[in-house]
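Let's take a walk through this protein together, from its pockets to its backbone. Please bring up the model and keep the sequence at hand.

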Amino acid sequence: TLEFEETRQIVSKFINANRSEEIIFTRNTTESLNLLAYSLGRKIIESNDEIVTTIMEHHSNFVPWQVLAGETGATFKVVDINEEGYLEVDWNKVITKKTKILTLTYVSNVLGTINPVKEIINEVKKINPKIIVIVDAAQAVPHLKINVQDLDADFVAFSSHKMLGPTGVGVLWGKEQYLKEMYPFMYGGEMINEVFIDRSTFKDLPHKFEAGTPAIGEVIAYKEAIKFLNSIGLENIRNHEKKLTQLCFKTLKQEFDEKIKIFGPTDVEDRGGIVTFSFDKLHPHDVAQILADEGICIRAGHHCAMPLHTRLSVPGTIRASFYIYNDEKDVVKLVDGLKKVRKILS
């Protein structure tokens with residue numbers, strides 16, 4: 001228990017939470033966001049309210065809110081992007097006094113776009129001070145220094161396995177005032193205070209939201225991953241990613257030119273360490289299979305972001321992701337692999 005709770009304190013410090021009790025352990029970012037849709041959304045959303053999200057969201061931060069709007073009769077608004085992959089929005093025309101929730105990704109898992117979340121939050125809260133802002137930071141926390149107090153979001157969700165930690169551990173950070181008012185997400189062991197025949201009472205934060213036996217070993221291991229990232233330094237990680245991303249951009253364009261289309265911002269300052277592209281009109285899964293045979297692991301498909309791919313008018317894309325374990329040789333291997341793909345399939 002002491003080891004488990006030490007992880008909570010380390011996570012709290014890592015994102016500069018006000019108190020460690022604001023850190024809720026879940027299974028993943030998906031569960032963190034669904035927790036909010038159930039425990040917060042179903043408490044506050046009514047038929048005349050609005051929920052706002054963006055076209056670049058992962059399904060985990062799109063479908064729960066879409067379903068909630070459908071159940072309650074609320075209006076579900078989806079903000080569009082421009083051709084460069086940036087959010088293109090006049091928030092004064094989107095956010096109204098009826099907008100209860102704005103939920104958006106910090107970094108797109110397809111476009112790589114780093115959204116100016118702090119500026120967006122500042123702007124929308126001027127329009128509607130009562131709005132609740134939720135940030136999907138799964139793709140941001142391992143790469144960018146996140147200070148939740150400075151960011152001024154109301155909730156932030158992320159996952160251990162994106163941070164070199166174990167699978168099966170997610171985090172939901174929320175402002176204490178909201179967490180206290182929310183319903184429990186699940187009921188059962190460990191979150192109970194007292195149970196009577198006619199009623200039950202529940203523990204205080206954070207245990208109110210942590211029913212059942214947690215992923216004890218995984219949570220304890222998670223803190224070692226955070227210590228490891230801290231020892232390297234997020235600024236060093238970010239700089240390493242930018243160099244590899246820039247090199248990948250340059251090399252792909254040099255080798256394949258019009259045969260390749262890269263999606264998202266071309267300025268590496270505005271994107272995470274991913275390069276998402278379509279190649280020579282070839283199906284992404286065919287490309288992925290041949291690359292896999294060469295020992296090159298990329299992702300192919302819609303990356304749990306079908307509305308975005310519909311917006312981009314493509315059935316799927318190819319995504320190469322760079323992190324601290326990659327180097328320049330991996331970029332060369334990717335290019336060589338794509339040359340083989342073209343030779344086989346063209």
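This is a predicted model: local features need pLDDT of at least 70, side-chain atom pairs count only at pLDDT 80 or more; totals for chains, interfaces and linings use all residues.

Let's begin with empty space. Rolling a probe the size of a water molecule over the atoms shows where such space is left. The largest pocket holds about 720 Å³, and 28 residues line it. If you want to find its centre, look for Ala320, Ser321, Phe322, Tyr325 and Asn326, the lining residues that lie nearest to it. Strand S13 and helix H12 are the elements that give two or more residues to this lining. By class, the lining of the largest pocket is made up of twelve nonpolar, eleven polar and five charged residues.

Stay with Tyr325 for a moment. Where does Tyr325 sit in the chain? You will find Tyr325 in the loop between strand S13 (317-321) and helix H12 (328-345). Tyr325 counts as exposed because its relative accessibility is 59%, and exposed means over 50%.

Now turn to the second largest pocket, with about 330 Å³ of space. Its lining has 20 residues, and His58, Asn109, Gln139, His161 and Lys162 lie nearest the centre. Which classes make up the lining of the second largest pocket? There are four nonpolar, eleven polar and five charged residues.

The backbone deserves a look too. Most residues other than glycine have a negative phi, and most peptide bonds are trans. With that in mind, go to the loop between strand S9 (200-202) and helix H8 (216-232), where Pro206 lies. The peptide bond from Leu205 to Pro206 is cis, with omega near 0°.

Two residues other than glycine have a positive phi: Lys281, at about 60°, and His303, near 55°. Lys281 belongs to the loop between strand S11 (274-279) and helix H10 (284-293), while His303 is in the loop between strand S12 (299-301) and helix H11 (306-312). Are they buried or exposed? Lys281 is exposed, because its relative accessible area is 88%. His303 is buried, because its relative accessible area is 5%.

With a relative accessible area of 28%, Gly188 is partly exposed. From Gly188 to Asn82 the distance is 46 Å, C-alpha to C-alpha, and the two are 106 residues apart in sequence.

Key
Residues are numbered from 1 along each chain as its sequence is written. Side-chain values use heavy atoms; hydrogens and water are left out. Helices (H or I, at least four residues) and strands (E, at least two) are DSSP runs, numbered from the N terminus. Buried means under 20% relative accessible area, exposed over 50%, partly exposed in between (1.4 Å probe, protein chains only). On a 1 Å grid over the protein atoms alone, a cavity is a set of points where a 1.4 Å probe fits but cannot get out, and a pocket is an open set with protein on both sides within 12 Å along at least five of seven lines; lining residues have an atom within 4 Å of a point. Grid points are joined across faces, edges and corners, and a volume is the space filled by probe spheres set on the points. Ala, Val, Leu, Ile, Met, Phe, Trp, Tyr, Cys and Pro count as nonpolar, Asp, Glu, Lys and Arg as charged, and the others, Gly among them, as polar.
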